[in-house]
Amino acid sequence: MTLLRWFGRKTFSHGVHPQAHKEDTADKPIRRLPFAPRMVVPLAQHLGKPSRPIVKVGEEVGRGQLIAEADGFMSVPQHAPATGVVEAITLMPSAQGPRVPAIVIRVYEASNQEVLWRTPRDMDALTPEQIVQAVQDTGLVGLGGAAFPSHVKLKVPAGAVIDTLIVNGCECEPYLTTDHRVMVEQGPDLIRGTQYAMRVVGAKRAIIGVEDNKPDAIAAIRQHLPADGSISVEAVETKYPQGAEKMLITSLLGREVPSGGLPAQIGVVVNNVGTLTALGRLLPRGEGLIERVITVAGPGVKKPGNYLVPIGTPLRFLLNYVGFSGSEQEVILGGPMMGNAVSSLDVPVTKGSSGVLVLSSSEIQAETRRIHPCIKCGKCVAACPMHLNPTQLGLLAAKREYEVMAERFHLKDCIECGCCSFVCPSSIPLVQYFRIAKSILRERAA
Amino acid sequence: MNKPQQPHIELRTSPHIKAAPTVEQIMRNVVYALLPIAAFAVWQFGISALALILVVTASCLATEYVFSRSAGRGNTLSDWSAAITGLLLALTLPPGFPLWMGAVAGFIAIALGKTLFGGLGYNVFNPALVGRAFVQAAFPVAITTWTPAGLPGRFVEFIPATLALPFMTPPVVSEWSKQQVDSFSGATPLAQWKFEGVITNTSDLFTGMVAGSAGETSALLILLCGIYLAARRMMDWRIPTAVLLGAFVTALVFYLLNDQHYPTPLFVLFSGGLMLGALFMASDMVASPVTPWGVWIYGLFIGVLTVIIRYFGGLSEGVMYAILLGNALSPLIEHITQPRIYGARKSGVKS
């Protein structure tokens, strides 16, 4: 284990230290974005099966109304982000590239956009199973970026005993400050959501792990902690990818998730702070997830900040509102380490979007480097938080020996954090090689 | 419908930001770190050393240019790696080494040691050492002909052998050296110890006012330049540390067994090419392992082997062959030292 742990600092070994770039937005309170004239709600903005639309073209929908239902357990419903009329149910551009089915809503400009669709619950009366169902009904997914359905994560596999709920407030991606602002501003909701989640998974304690570059967030949460001591806040080292589930578990508890296994096997469930804050707010009110906090930042943005954005807002509307300059730029949904560059500004904000980042041409040029052959410097080996050997994996990928990568060099344990590509002096797109190799192996297996 | 003008959108894969340094920056800084050592060599040995450094480096660059162009890899001079090979190679040669032989060494280093394998990143051995090993075999006399350091006329007069014509036997330098410095034995401190039983003062070795290869004489200067590189994270500090540790411990064991016959461990560290080899050649990224344990095993192996060759081999110097052997073994070392991955199951069964 890394040297720092011997001195009591909560951290994991390896990882990288990218420049944080959070100063532009860390102090900016969350502000509401106006409603776009047209919203695009994709039916698959979560991992799992796409939702099934239950509205028809031409039908009027009210803000918060259920417009698509979950298709089985590995799925979530969708709610109308604004009052308007369903204009189309058709293929629309997505951040991942391919066009995906989506419900397009033309928003009534005159509407006051009040949420009329809610069914308040008495939370104390619910059993864990009923809470899991209630979570699914909100349409909540992991807001940290993975977009994994939250109710699935809270459903503890049979036989597993959970002793600790870890609440992930690391936000290790550069530029992003959404979780930071949520922790500073929405402490009571976060604590309430954490308590619901503890009840569901049966954990006696919860630890909120926050990177130590956010002392104000740690202080803000401490004010709201319950007196019984069941929930605590711990500072962890500021290092990427501290917010990766496995890394945070190791940092806080010193346990390792078995290769190919789940955190539940070692008695842990991890949830993002944004997710649990939304849970704490939405569950008692019985509302669906129709908006989220997003950091809009980057050198290409004129008014960087943290915005409360209706889900389905097209990036073009969002970026026009915050003002973006220049003609040649890269627009990234998510953080700079793991986010996707979008091919069209018609791509909407989805439940898993934690940030929108605009890099202008000068940054793109600075980052566009000549690719050299691997010089075997070993920087990627020293950076990989999963302790893989990206040097070997990269050489094998170039030779298309995907099976060897998986069988002898643990390709499937790669968490695609991008540390290897980040440090590579030869600018070899290692993590991209590994993503391709994984998807090819998946196709061959299918 | 009147669509607003679509701004140009860049599409790249994540991560969208990258850390310094690049290959060019690393290689350029290695050159920077070698320049003070080269300058010291010129100050010690005069215009002969300067001419040798220029000719060997030019030979390496020209060879790299021609071969990488003809192999369709474009102009690879801009990655600075050929310049490193040239400088390093020149610094391992005797200062009075005939220039034409230096040019041959440079050509062999790049042609045989590097481009034959596929250029930067693919070489199995450190190219500079391949070049040196070649001339060691081809010109055994010239490469063991040493001249004294700090001669008064060194900035106006070439060492006679320097300007020898190609394929001609270079003039015998020992007489010339005797004229310059009466007591000069014509041997390096290592050879003096090995063949004559004379131990040079360690502080002279440290500062470098002794005979030897152009850039190997001042252990202190080499150490400082290496520390610069390691501090900028452009060299893996573990490799030189392991090499020096391996050499020190081995020498200490022999010294404790028989302090009449064997020199002190400090003499071993500061004499010959060990310092330059440990800091600038064993640490060559391309030909060394990448795994955490592999790095230490590789370094210790080179350190131990260097001392063993020096003590029991026919030559007085063992660094070059130790590193070449270490290079050859590095894929094997890497193979047996694959890191334990996060979350690996303890049973030892490979998943």
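## Where two chains meet

Two residues are in contact if their C-beta atoms, placed from the backbone, lie within 7 Å. Keep that cut-off in mind for this predicted model. Under it, 51 residues of chain A are in contact with 36 residues of chain B.

Which elements of chain A each supply at least two residues of the side that touches chain B? There are two strands, β15 (328-333) and β16 (340-341), and two helices, α10 (361-367) and α14 (419-423). The largest share comes from β15(A), with 5 residues.

What kinds of residue make up this side of chain A? It divides into 25 nonpolar, 18 polar and 8 charged residues.

## A four-stranded sheet

Chain A has an open sheet of 4 strands. Read across, the order is β2-β8-β7-β4, and the pairing is antiparallel. The edge strands are β2 (38-42) and β4 (60-61) of chain A. Each of these pairs on one side only.

Now look at β7 (residues 84-92) and β8 (residues 100-107) of chain A. How many bridges join them? The count is 8, and the two strands run antiparallel.

Key. Residues numbered from 1 in each chain as written. Chains lettered and ligands numbered in written order. Predicted model: local features only at pLDDT ≥ 70, side-chain atom pairs only at ≥ 80, totals over all residues. Nonpolar A, V, L, I, M, F, W, Y, C, P; charged D, E, K, R; others polar. Pairing = 2+ DSSP bridges.
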